[in-house]
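Subject: Handing over the structure

Hi,

Here's the structure I promised to pass along. Could you open it and keep it beside you while you read the notes?

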Amino acid sequence: MSVERERVKERIAAELDRSRRRSNGLTLESLDEEDLLAQHSPLMSPLVWDLAHIGNYEEQWLLRAAGGREALRPDIDGLYDAFENPRADRVDLPLLRPDEAREYNERVRREVLDTLEGADLSARPPDPAGGGRSLLDAGFVFHMVIQHEHMHDETMLATHQLRRGAPALLEGSTEIGPVTPTEAEEVLVPAGPFTLGTDDDPWSFDNERPARTVDLPAYLIDTAPVSNAAYQAFIDDGGYRDPRWWSPAGWEWRTARGAVAPAFWTLEAGRWTRRRFGRHEDVPPNEPVQHVSFHEASAYARWAGKRLPTEAEWEKAARHDPVTGRSHRFPWGDEEPEPRHANLGQRRLGPAPVGAHPDGASPLGVRQMIGDVWEWTSTTFHGYPGFRAFPYREYSEVFFDEGYKVLRGGSWATHPTAVRSTFRNWDHPIRRQIFSGFRCARDVDRD
């Protein structure tokens, strides 16, 4: 075996271990059985469903599909099929109890590590449907499963946020590195072509492919995400009471919902407070606003005389270097994320202040495009020209053009292995339990 393939296997084993320790920390090690079995919101699954679903997904892809082994628990496949069982209904299923889920997951993992040891990560069996990609090519299927687990860990964090009761999660590190003001509130992104998407990133999903050249006119984009203080100015100016700033769908949602502020905010004695993982505190003015829907982000942008960026505009501002003409994997280059670059991986239970992580800035000086908050774009989720579903349609293709909006950049809850400048997230425009914020853009010719 080549040294490079051996290193890939060592990293896969380490990342599998990290993801499982995180999953167990959010479930078995932080809550009792009653809390794990409960449904804390109809928007979310019982946490024990997520825990066993992670193991079942791993079994199906790493043991059966990639390893060619017999099913360990085919009887539970239907219980943990996300498409057969809407979230609101999962609490009524005969789910594995927490101790059973732990035992099942541990059994799956033991066999997965045995499979990994003998896997040929250079294999490339023909797969025309996947554009020539193979499940084992460069360890793709292992990367897919690692990212899937971390995605569910972020989903479980959203469930923790919706959960009522005493805090169950530790605050984590409060160290965020230097916080310095940006040189300007917005930056000009010059007109011209850039590479959108990727053809060769081994961690990339089908909806990030294929790469293509996109030529954009010049535009301006905020150098930082919109802060709580800036968003409060919109609230104080009557933004939630003025239909001028809202799309028809947005105004209908705001009216039906009775929304007056981001989710989890409350006005008390003239000051805004928020509930955060069981803690009640003043809203910090210098953090990026989070828990806002696409409709709220769009309304703020109109009020500010701006708009939301398209996802192509977002990606160009995040990764394109106009001097070299290259599009990098991350805003700061191709180097893997470190704490100095971005607030990722649940190191703290919230965003870093606006102006943090100057080492993570893009070539144009745009900051915090990776980590802190997912950023809404104006783009409806769709496949790129030449898209081919791989390895299954249900990952992304079934969501195309069904009213989902694209979010970019990851949040403080997103693990470094599950985000990059080409990564595309998506959700309904009304969703607020996710760790979502935004930044604004505007046309160059607008005053």
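Below is what turned up in it, going from the strands to the rings and then to one arginine.

A word on the ground rules: this is a predicted model, where local features need pLDDT of at least 70, side-chain atom pairs count only at pLDDT 80 or more, and totals for chains, interfaces and linings use all residues. Residues are numbered from 1 along each chain as its sequence is written, and side-chain values use heavy atoms, with hydrogens and water left out.

Let's start with strand β6 (residues 271–276). Helices (H or I, at least four residues) and strands (E, at least two) are DSSP runs, numbered from the N terminus. Five of the six residues in β6 are buried, meaning under 20% relative accessible area, with exposed being over 50% and partly exposed in between (1.4 Å probe, protein chains only). On one side, β6 runs antiparallel to β5 (residues 265–268), joined by four bridges; strands pair if DSSP finds at least two bridges between them. T266 has T273 as its bridge partner in β6. Two residues separate β5 and β6 in their hairpin, and A269 in the turn has a positive phi of about 50°.

β6 also has four bridges to β7 (residues 279–282), again antiparallel. Here R276 is partnered with R279 in β7. This hairpin too has two residues between the strands, and F277 takes a positive phi near 50°.

Now the rings. There are 33 aromatic pairs, counting rings of Phe, Tyr and Trp (its six-membered ring) whose centres lie within 6.5 Å; planes under 30 degrees apart are stacked, over 60 edge-to-face, and the rest tilted. One of them is F140 with F390, tilted, at 5.3 Å centre to centre and 40° between the planes. F140 is in helix α5 (residues 140–162) and F390 in the loop between β8 (374–380) and β9 (405–408), so the pair ties together parts 250 residues apart in sequence. F140 counts as buried because its relative accessibility is 1%; F390, at 3%, counts as buried too. Another tilted pair is W265 and W272, 5.7 Å centre to centre with 50° between the planes, and both are buried.

Last, where is R431 found? The answer is the loop between β10 (425–427) and β11 (436–437). R431 counts as partly exposed because its relative accessibility is 21%. Beyond its neighbours within four places in sequence, its contacts (heavy atoms within 4.5 Å) are L43, V292, S293, W376 and S436.

Cheers
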